[in-house]
Amino acid sequence: MLGYIRYGDGPKRPELGRRQLSGGSFVELRMGESAHPLGPLALARARQGARRLREAGVREAVFPVDFPYTALFIRQGIGPVDTLPLRRALAAPMTRRRLEGLALSPTQAVVAVSGERAAREVAETAKVLALSYRYVLLSVRGGGEELARSLRREYGISLLLEPSPDQLDRADALVLFAPRGDLTLDNPILYTIYPGGEGGRGRLPLLLPQALEDQVESNCDQEQLAAALYNQGALPLETLMAGE
């Protein structure tokens, strides 16, 4: 069960309820904003709210932006919804969309995917891109040969394995599933979709549909909500692709 924390105008004591958003179901915790959020009484109420969420079976929740009790909730076993799986699921379709925006044809564009190994997300991204583009570079430490053989056998497509750093730097699009300290990261299209890679130019953004955005509070972390709804199967990838 996923939680949704509503912080602002609300009851003095934390209250639990249910909330439906775009087909997604949440255990909602309502907390009134305190004039002294780090005072003893406010902290006690925050601990009570976290405890009630945990007792309701919640381990992940959509947190408000600038929520003063994030660390407290994490210590109580309630963490923010992880947006990384959604960003990784969006990597291939967003790369395709950006390449189309650059007017690069499937036979012109050079696309590179790099990761520690050919894990499921890396393999799926490379596969989807290789089905659309002729030149796909794959840089992984293990599993690349097996993936390449499988794609050649099933689809008749090829991957260029073990590309040099210079080849990766010259790719039109570079999708990184792990940090690379040997690259310039100046590619026209760059996505850094690994823990700690959410900031900077390589950030893959998430966007809620406008109709849903209008239903939530202004301090709702909309990217966490997008990930939560995607996890529940309530929103398809196409509706969560941010315009650029």
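Predicted model: local features only at pLDDT ≥ 70, side-chain atom pairs only at ≥ 80, totals over all residues.
Trainee: Why is Gln224 called buried?

Mentor: Buried means under 20% relative accessible area, exposed over 50%, and partly exposed in between, with a 1.4 Å probe and protein chains only. Gln224 has 10% relative accessibility, so it counts as buried. Gln224 is found in helix H8, residues 222–231, where helices (H or I, at least four residues) and strands (E, at least two) are DSSP runs numbered from the N terminus.

Trainee: Which residues does Gln224 touch, not counting those up to four places away in sequence?

Mentor: Contact means heavy atoms within 4.5 Å, and by that rule Gln224 touches Ala61, Val62, Phe63, Pro80, Val81 and Thr83. The C-alpha atoms of Gln224 and Leu84 are separated by 9.8 Å, although these residues are 140 residues apart along the chain.

Trainee: Why is H3 called roughly parallel to H4?

Mentor: Two packed helices are described by the angle between their axes and the distance between the axes. Axes are lines fitted to C-alpha atoms, for helices over the stretch in contact, and angles run from 0 to 180 degrees between N-to-C directions. Helix H3 (residues 84–101) and helix H4 (residues 120–130) pack at an angle of about 20°, with their axes 9 Å apart. Angles under 35 degrees count as roughly parallel, over 145 as roughly antiparallel, 65 to 115 as roughly perpendicular and the rest as oblique, and the angle therefore makes H3 roughly parallel to H4.

Trainee: Which residues make that contact, and what classes do they fall into?

Mentor: H3 contributes Arg88, Ala91, Ala92, Thr95 and Arg96, while H4 contributes Glu121, Thr125, Val128 and Leu129. Ala, Val, Leu, Ile, Met, Phe, Trp, Tyr, Cys and Pro count as nonpolar, Asp, Glu, Lys and Arg as charged, and the others, Gly among them, as polar. By class, the contact of H3 with H4 has four nonpolar, two polar and three charged residues.

Trainee: What makes S8 and S10 the edge strands of their sheet?

Mentor: Two strands pair if DSSP finds at least two bridges between them. The open sheet of five strands has the order S8-S7-S6-S9-S10, with parallel pairing, and strand S8 (160–161) and strand S10 (189–192) are its edges, since each pairs on one side only.

Trainee: How do you know that S9 and S10 pair?

Mentor: Strand S9 (residues 173–176) and S10 are joined in the parallel sense over four bridges, and the definition asks for at least two. As an example, the bridge partner of Leu174 in S10 is Leu190.

Trainee: What sets Ala103 apart in its phi, and why is it called exposed?

Mentor: Most residues other than glycine have a negative phi. Ala103, however, has a positive phi of about 60° although it is not a glycine, and its place is in the loop between H3 and strand S6 (110–114).

Methods. Residues numbered from 1 in each chain as written. Heavy atoms only, no water.
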